[in-house]
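Okay, thanks everyone, let me get the picture up. I'll take the surface first, then the inside, then the charged pairs.

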Amino acid sequence: MNDIDKLKELLFRNEKKALDAITRRLETPESRTADIADVLPESLLRAHADKRLVRAMREPVVQCVKDSIRQEPEDFADALFPVIGPAIRKSIAEALRSMTQSMNQGIENSLSVKTRYQAWRAGVPLAQYILQRNIIYRVEQAFLIKRYDGLLIDHVQHETVASKDSDAVSAMFTAIQDFIRDSFSEDSSESLTTAVMGELTLWAVHGPHAILVCVIRGVPPAGLRSELREILEHVHLRHGEALAGYDGGAPILGVDAELEKCLSLEQQRKAGKKKSAVPLPLVILFVGLLLLAGWLWFKGFTDERRLEKFRGALEATPGIVINDIYREDGQVVVRGMRDPLSAAPTDFAPGLQIDPAELQLELAPYQSLDAAIVERRARRILQPPAGVGFRLEGNSLELSGSAPVEWKQRAQTLAVALPGVDSVDTSRMALSDAELLATARQQLQPPPGVTLAVRNGVLSASGMAGHDWVQQATRQLASMSGLRGGNLLGVAIAERARLSELLATTNGTEIFFSSIDVLQQGQDAVLERLSIRLRQIAALAGQLDSNLQIRVRGYSDGTGNPEANQVVELSRAERVSSWLINAGLPADAIQLQAAGSSSVSSGLEPRLRKAEVTVSVTEGR
């Protein structure tokens, strides 16, 4: 060692020792492992929030778990046994709860009221109640047996089981041993979990270190196995190490308490139990409540029907608009609008079994444009005379009947000011008597001497007029509008009057003869005047569309025999007839007649040497 080294040794002796110690620590794996182990938990805690640590450790950890499961599956199964069971049961319980709810819903919709009532009395859901009624079983004994050597770890039995002696238990145990042996036979790939012995059923639930065997009387439900498995899991969870090391010595403390839970799993029908009868007062109360509810429902229903009918009647009444109708505090409240001219609701309420005193009308006034209300308002304002009718067609007010001209003019002025009326139509109204008379005079054009009159729509006439005017006026009168009736019977026909005068002066005209058919002197003038009047009569008869008949009757003086006298009489009638025909009278209108000798009283009668002319005019051809 030179001086420099010695100097270094003196100056840095301690630092060198520390550096050498650090070097040895770094070069020793055990030391590094121990150092890392000291700081690793703290490092993991600090790096917990860093997701990079999670990503870095994810793959190695997963690989380690896989390798461990592949190499030691039983250890993993034993470790997870207390956890897997509750997890599976929880999952199954959730599934069964959902299924039960669905079944409960379906059953509740289909079963009778009696079953519902019994389930309600039992205080359980309907589906659970049905299952309880149908499932009957009881766990009478429970055995906990070591899994691989068949040692009986503990045994409990129901207090009601008659056989409690050791021989019976031994026989039962032997049967269970056989059952266990069959369950774990090497030739069998699966464990035996169920066996039947007479009326008893053996159920075995397998655990890692022990088997729980239960002797069940009756038909157990499938859910019982889950409950037994849960009990066995509790036994393993609390006494797992003791079960694994059990060598047939003293019973393990606390195991019997767990097995006692198996005996509480039972469901029995109470044979012969008398059904609890429903108390009579409760029945009466129920029936009374039912009747009261029915009466209240019926009363409410009928009252609602009455209100609906009343509402319909109000809505059908012109001038009433209903917004709402309801019953409140015993009153029927009606809200809406009402025209003062509409019918009052209190008028027709009694007909619908509603007391008018119960009505509370909250109807605001308004002017309705309903046709009936508009007509009613027009009648009230216009005050028409009797017989005048109103009808609203659209917005046009049509008037009918008869009224004075002044009233019609006033109505046409006022009606258009009414709401809902735009125009007035008076074309359907009858004319007044004055209007009718003016119209008749204008259309009929009566001649002078004819007077027309109209009274109450009926036309009458007086005076004298020609036949043609009367005929034409009669035809016009039939088609004249506005008249209730009328005739021209009071008008005398001038042609008829003249005809009557001519007939009065013509009938009985006598033409005298001096001999058989020789006219006396001056009789030619008589025939001439006669022919003139007859032609006038014939003309008037033609104008009156009447038939003219001229009878010429010949007479004789009675000096000869009757046959000769008749010849003379006809000769004299023919003599006058020829004269008339030659004067222009129609031959077919002339009738000849012989008077006969009987007309002569006795002796010579020169005054009877004549012919007498008689004229008649009959109506219609």
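Before the surface, a quick word on what I mean by a patch: its residues have over 30% relative accessible area and no salt bridge, and for the nonpolar kind the side chains are joined within 5 Å. Keep in mind that this is a predicted model.

With that in hand, helix H11 gives the most to the nonpolar patch, six residues. The patch covers about 870 Å² and is made by Tyr-117, Trp-120, Leu-282, Leu-285, Leu-289, Leu-292, Trp-295 and Leu-296. Two elements give two or more residues to it, helix H6 (113–122) and helix H11 (280–316). Tyr-117 sits in H6, and at 32% relative accessibility it counts as partly exposed.

Zooming out, we have 621 residues, 31% of them buried, and the secondary structure comes to 19 helices and 20 strands. The accessible surface is about 38200 Å², with 55% of that belonging to carbon and sulfur atoms.

Now the inside. The largest nonpolar core has 44 residues, and the ones touching the most other members are Trp-469, Ile-511, Ile-550, Val-552, Val-576 and Leu-580. Helix H18 (residues 523–543) supplies the largest share of this core, seven residues. There's also a second, separate core of 25 residues, including Leu-144, Cys-214, Leu-224 and Leu-265.

Last topic, salt bridges; the count comes to 18. Which residue forms a salt bridge with Arg-377? That's Asp-339, with the closest N and O atoms 2.7 Å apart. Arg-377 is in helix H13 (residues 371–382) and Asp-339 in the loop between strand E8 (331–338) and helix H12 (345–348), so the pair ties together parts 38 residues apart in sequence. Both ends are under the 20% cut-off for buried: Arg-377 has 8% relative accessibility and Asp-339 a relative accessible area of 1%.

Compare Arg-25 and Asp-35, where the closest N and O atoms are 2.4 Å apart. Here Arg-25 is partly exposed at 43%, and Asp-35 is partly exposed at 25%.

Notes. Residues are numbered from 1 along each chain as its sequence is written. This is a predicted model: local features need pLDDT of at least 70, side-chain atom pairs count only at pLDDT 80 or more; totals for chains, interfaces and linings use all residues. Side-chain values use heavy atoms; hydrogens and water are left out. A nonpolar core is a set of buried Ala, Val, Leu, Ile, Met, Phe, Trp, Tyr and Cys residues joined through side-chain atoms within 4.5 Å. Buried means under 20% relative accessible area, exposed over 50%, partly exposed in between (1.4 Å probe, protein chains only). Helices (H or I, at least four residues) and strands (E, at least two) are DSSP runs, numbered from the N terminus. Patches are made of residues with over 30% relative accessible area and no salt bridge: like charges are joined within 9 Å, nonpolar side chains (Val, Leu, Ile, Met, Phe, Trp, Tyr) within 5 Å. Accessible areas come from the Shrake-Rupley method with a 1.4 Å probe; for residues, only the protein chains shown count as cover. A salt bridge is a side-chain nitrogen of Lys or Arg within 4 Å of a carboxyl oxygen of Asp or Glu.
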